[in-house]
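This report describes the backbone features, the interface and the salt bridges of the structure shown below.

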Amino acid sequence: MNRRQTYEAAQRRRSLAVAGVSTFAVLAAIILLVPLAPGWPAVKASFFDGGVFVQTFPTLLRAFLIDVMIFAWSVPLILGLGLAIALARGARAPALFPLRIFGAVYVDIFRGVPVVLTIYLIGFGVPGLGLPRPWNSPYIWGTVALVLTYSAYIAEVLRSGIESIHASQRNAAICLGLGERDTMRYVILPQAIRRVVPANMNMLVALQKDVALLSFIGPVEILRQAGIYKSLLANFTPYVVAAVIFLAVTVPATRYADHLLNRDRDARS
Amino acid sequence: MPEAKLSLRGVQKSFGDNQVLRGIDLDVAAGEMICLIGASGSGKSTLLRCINQLEPIDDGTVWLDGLDISEPGLDLGPVRRRIGIVFQSYNLFPHMSALDNVLLAPRRVLGEDNKARAEALFERFGLAQHMRKYPDQLSGGQQQRVAVIRALAMQPEIMLFDEITAALDPELVGEVLNVLRQLRSEGMTMILATHEMGFARELADRVCFMDGGVIVEEGPPEQMFTAPEVARTQAFLRSVLR
């Protein structure tokens, strides 16, 4: 080892030691101090009941499959509609001006309203028109609400991706005689979409969580199932179970998105 | 109407208040090779972009084989595929292999999928073993040669080169200039904006010195480089040939 390596190794050992001691101190404080709070026994009994955890876990996991299902069929719809809106907002031809306005208004509205409000308004409002079964299903209108909201976000992400592609790429395509449509489809979009994959991954993680909001309009998915158990067992542990199940999915997904983001940044620097 | 392959008369172009071209007259015969020289900002690049109508001109006329291609509202697709252009910054499509870069425009615009001809072009310019690679796997010189091939694949009648060696490391300039020599010997009509004075002197039929948005002086390279008549040309050549 040369001098620099020796120095750096010593620095690393020192940093590791400091990090270890401080982490240990914080954990110890939490473990020792939280139980000292006057309400801790009651909180422990109603949120961290091992028996209830084991009892409700299988059903909640099964209910979570409904969330996964809604998520799975929403994603392609969101991506498709998001792309359409992004392209509509970029339309330059005068005849397409209404489309541009529509895209802008659409994005403003659905990004401006809280998701849960959109779900209430569409989920209760549209079936209230007296639609026959199965067209009054909360699954349909809940999905519609999610798709409308998230496609607005995805459209904005895609648009930023499209605008981040340097004008020289477009010029090169135009100079080869390619038309506007071919330029967008074969030159701009493939690069733009690749560039915004990490940002969209984060969107999809948020979507996975927001699917639980559909519980407010009917579907007995994991959040509602946890609520049922809470009433039945007079215990909040099912909510903790639901949180654990969500984390098991969202933590790996966010880590993966971060990994993609970092790789992207490294590749561009 | 002029008889030349390409003719410019009184071409003017402004960007905002900045008038970049102040009345350009130029005739280019078929098979001729013209070098535009001049300081940065003298209007060389803008002139090239106004020839293929990437930039619409404000005033004046550009004729290609007698067709006024500067007419506002003209469908420029058919015009652009007759005039190839290569940029200083290559501008290859980074998400496609070199071969796909070359095949895209013939496929989409001409509706022909002539892989053999594209491969022959790679062969001709010594890049056959690189055509499956992506742009970021190629050196600057190789990327620039792919950009030339990509333009040639549309079988243009005129090629424009916008300082295509300016961004290259010195040891890579030669391979790109060799491509130009090859095109020259095949009789391609070419207009180059360039800082490579030695190259201009060696190959050009005519050298045009630009300054302040006009062609100050033009003539055969021997005369331009040994006995320029205009003081501004003399000053410029003194500063670059030192």
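Ala234(A) sits in the loop between α9 (222–233) and α10 of chain A. The phi angle of Ala234(A) is near 50°, a positive value in a residue other than glycine. Helices (H or I, at least four residues) and strands (E, at least two) are DSSP runs, numbered from the N terminus.

This is a predicted model, in which local features need pLDDT of at least 70 and side-chain atom pairs count only at pLDDT 80 or more, while totals for chains, interfaces and linings use all residues; side-chain values use heavy atoms, with hydrogens and water left out. Residues are numbered from 1 along each chain as its sequence is written, and chains are lettered from A and ligands numbered from 1 in the order in which they are written.

The predictor's confidence in each residue is given as pLDDT, from 0 to 100. Among the elements of chain A, α7(A) has the highest mean pLDDT (94) and helix α10 (residues 237–268) the lowest (86). The model scores ipTM 0.89 and pTM 0.83. Values for the two chains are as follows.

| Chain | Mean pLDDT | Residues at pLDDT 70 or more |
|---|---|---|
| Chain A | 90 | 99% |
| Chain B | 92 | 99% |

Two further backbone features belong to chain A. A cis peptide bond, with omega about 0°, joins Arg133(A) to Pro134(A), and Pro134(A) lies in the loop between α5 (115–125) and α6 (138–164). Helix α3 (residues 50–90) of chain A has a kink of about 45° at Phe57(A), shortly before the proline Pro58(A). The bend at a residue is the angle between axes fitted to the seven residues ending there and the seven starting there. At the start of α3(A), the backbone nitrogen of Gly51(A) has a side-chain oxygen of Asp49(A) within 2.9 Å.

Where do chain A and chain B touch? Contact (heavy atoms within 4.5 Å) involves 16 residues of chain A and 22 residues of chain B. The area buried between the chains is about 1,600 Å², with 66% given by carbon and sulfur atoms. Cys175(A), Leu176(A) and Tyr186(A) supply 39% of the area that chain A buries against chain B, more than any other three residues. Buried area is the accessible area (1.4 Å probe) that two parts lose on being put together, summed over both.

One salt bridge is counted between chain A and chain B: Asp182(A) pairs with Arg108(B), the closest N and O atoms being 3.3 Å apart. On the side of chain A that touches chain B, the elements giving two or more residues are α7 (167–175) and α8 (180–210). The most comes from α7(A), with seven residues.

A salt bridge is a side-chain nitrogen of Lys or Arg within 4 Å of a carboxyl oxygen of Asp or Glu. Over all chains the count is 27 salt bridges. In one of them, Lys13(B) meets Glu55(B) at 3.9 Å, N to O. Lys13(B) lies in strand β1 (residues 6–15) and Glu55(B) in the loop between α1 (44–51) and β4 (59–64) of chain B, so the pair ties together parts that are 42 residues apart in sequence.

Technical notes: A polar contact is a pair of N or O atoms within 3.5 Å; within protein, one must be able to donate a hydrogen and the other to accept it, and residues adjacent in sequence count only if both atoms are side-chain atoms.
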